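Hi,

Here is the structure I promised to pass on.

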Amino acid sequence: MTAPTGSVLLAGAVARLRAAGIPDPQRDARRLLAHALEIAPGRLTLVLPEPVPPAAEARFAAALDRRSAREPVSHIVGLRTFWGRDFRVSRDVLDPRPETETLIEAALSAPYSNVLDLGTGSGCILLTLLLERSGTAGTGTDISAPALAVARENADRLGCDGARFVLSDWDTAVEGRFDLVVSNPPYIAEAEMPGLAPDLAFEPRGALTDGGDGLSAYRAIARAALARLAPGGRLLVEIGPTQARAVSAIFAGAGLETVAIRPDLDGRDRVVEARVAAPGT
């Protein structure tokens, strides 16, 4: 029997993923077929007319099984692109998302030399900030040892020598001060969890929700920022699109001044920028 071509397999895969309710079946099917063929996604169109080897066809079928069960594509292929770089991801870390690039853009708008990333996960924020600015250094903390293993792997893969990673509940195992503190904490309220996309069931629950009102992490981050920010330093946190006012109030109560609320590309509030309030303000 003649092996099916890539075009034939792709058409069947798109139909299957569409029937499974996948939002963008064409994109996901193409990414998974490229992965199964062990080629760069940009080369897929060139090889679609060719027969697919049996081993690659089997890999593609297994990948489709996983995606049809709503496992994220990034978990299947093991990589997620963030700010132009591929980061290793697994079920131990939050999958980097485009809206988090709003935080990167905000951080790059001013100088920094020493960064503290609270709840670093895959390390995508810290490593991006260090790689975008030569000569900088930073520390990423996480309460999850498996997450830190992924972050260290990413640092090694990307050749980022200035990063260190510490097992810590926020900043409790950290010393010193930093001119930039960043965090993408768990900000989804427990009551909102049942309404999330099925793909999120494959991500660590503790990276998504605090099990309460979605704001407890910001209370801890505010305390950490007061202890860890150098004079004139900045705090940047990602937020849910309805949380800007509540997070700003938490920061104000802790002695932090909100400098800006930055929207993502969809126009939703996404990042709160703060600093230690000046005396008398």
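Tyrosine 187 counts as buried because its relative accessibility is 15%, where buried means under 20% relative accessible area, exposed over 50% and partly exposed in between (1.4 Å probe, protein chains only). Before you read on: this is a predicted model, so local features need pLDDT of at least 70 and side-chain atom pairs count only at pLDDT 80 or more, while totals for chains, interfaces and linings use all residues. Residues are numbered from 1 along each chain as its sequence is written, and side-chain values use heavy atoms, with hydrogens and water left out.

Back to tyrosine 187, which sits in the loop between β6 and α9. (Helices are DSSP runs of H or I with at least four residues, strands are runs of E with at least two, and both are numbered from the N terminus.) Leaving aside neighbours within four places in sequence, tyrosine 187 is in contact with Leu208, Gly214, Tyr218, Glu238, Ile239, Gly240, Gln243 and Arg270; contact means heavy atoms within 4.5 Å.

Asparagine 184 is in the loop between β6 and α9 (205–208) and counts as buried, at 15% relative accessibility. Not counting residues up to four places away in sequence, asparagine 184 touches Leu94, Thr100, Leu118, Ile125 and Glu238. Its side chain also makes a polar contact with the side chain of glutamate 238 (3.5 Å). For that term, the pair is N or O atoms within 3.5 Å; within protein, one must be able to donate a hydrogen and the other to accept it, and residues adjacent in sequence count only if both atoms are side-chain atoms.

An unreviewed UniProt entry annotates Asn184, Pro185, Pro186 and Tyr187 as "binding site". UniProt positions are in the numbering used here, feature names are shortened, and annotations may be inferred rather than shown by experiment.

Now the sheet. 7 strands make an open, mixed sheet in the order β5-β4-β3-β6-β7-β9-β8; strands pair if DSSP finds at least two bridges between them. At the edges are β5 (163–167) and β8 (256–263), each pairing on one side only. Strands β7 (residues 229–238) and β9 (residues 269–276) run antiparallel to each other over 4 bridges. Valine 237 has valine 272 in β9 as its bridge partner.

Lastly, the unreviewed UniProt entry gives residues 9–78 as "domain: Release factor glutamine methyltransferase N-terminal". That span is 69% helix and 0% strand, with its end C-alpha atoms 22 Å apart.

Cheers
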